[in-house]
Amino acid sequence: MAGLELLYCSARADISCPQDALVCGLHWELIQHGYRCLGAGEQPGPDERKSELLPAGWEANKEVYTLRYKSTDDARELLLKAIVVEDSMILNVMDRASQKVADVTLAVADYINPEHLNDFHKVYKNMEELRTRIASGIIAPLGVPKEKAKNESQAEKKDPILPEDYDPLGIRPRLPAGVRAPSWPSPLNPFAVGGQDLDPLGGRSGGMIVDPLRSGFPQPGIDPSAGLPSRLPPGAVPPGARFDPFGPLGAGRAGPDPDHLPPPGYDDMFM
């Protein structure tokens, strides 16, 4: 609405009736859809230039407003006639190249407050409805200018707008309380990748073995002497070595039991 406000203020001296205000609003809608005004009347004048402003003498005839427009890509030229019939305004728009014609009838009182012609912020009403009527009744039948359509297509393909404070190298926010971060290998040690496979009982990460004993809860250490009548001598199992205990890990151990599906007779040493 900022552009329409500037336009209305610049033409305020020429606006003396509700029909003038409505034509001013219609003019701005055509500007928004990629057209520029060439001048008033059916015949071109000398040194005409495309402009967003209303031309001189646009309001001279209060019964039939006649304006000519050209698209920004110079592909279309429109002849607009706004005919006042009692309390209504009949818009007749013709594309001079294709001879296509579009018509829309508007009730002036539906969009203009006649008692507020001096106040832009109160003079217009139901502007969204007016925009829809112009777009569907005039712009769509005659066709959108190619440059306007191209700009809209490019706008739809733009990348999503990121926040101004977005920093792709910034530190990520901390996880909420109670949420465990994924366990990643140390970036400073390239040999840490696959460490879990090399040392499944050493508490390292990065492997493919799913250990039911490491489900995120504290677990007591594994006793390599479990299942033997006596303890192994010191050094029998080197630190970090892959090692399978000789027997069950004992009752009362927290978490899943590695022997939760034992075969029949699993406790028979001669099986």
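**A helix pair in context**

Modeller: The protein has six helices and five strands, where helices (H or I, at least four residues) and strands (E, at least two) are DSSP runs numbered from the N terminus. Along the sequence they follow the pattern α-α-β-β-β-β-β-α-α-α-α. This is a predicted model, in which local features need pLDDT of at least 70 and side-chain atom pairs count only at pLDDT 80 or more, while totals for chains, interfaces and linings use all residues. Residues are numbered from 1 along each chain as its sequence is written, and side-chain values use heavy atoms, with hydrogens and water left out.

Of the 271 residues in the protein, 29% are buried, meaning under 20% relative accessible area with a 1.4 Å probe, protein chains only.

Now the pair itself. Helix 1 (residues 2–10) packs with helix 2 (residues 18–32) at an angle of about 135°, their axes 10 Å apart; axes are lines fitted to C-alpha atoms over the stretch in contact, and angles run from 0 to 180 degrees between N-to-C directions. The two helices are therefore oblique to each other, since angles under 35 degrees count as roughly parallel, over 145 as roughly antiparallel, 65 to 115 as roughly perpendicular and the rest as oblique. On the helix 1 side, the contact (heavy atoms within 4.5 Å) is made by G3, L4, L7 and Y8. Helix 2 contributes A21, C24, G25, H27 and W28. These residues divide into six nonpolar, three polar and no charged, with Ala, Val, Leu, Ile, Met, Phe, Trp, Tyr, Cys and Pro counted as nonpolar, Asp, Glu, Lys and Arg as charged, and the others, Gly among them, as polar.

How values were computed
Buried < 20%, exposed > 50% of the residue type's maximum accessible area, 1.4 Å probe, protein only.
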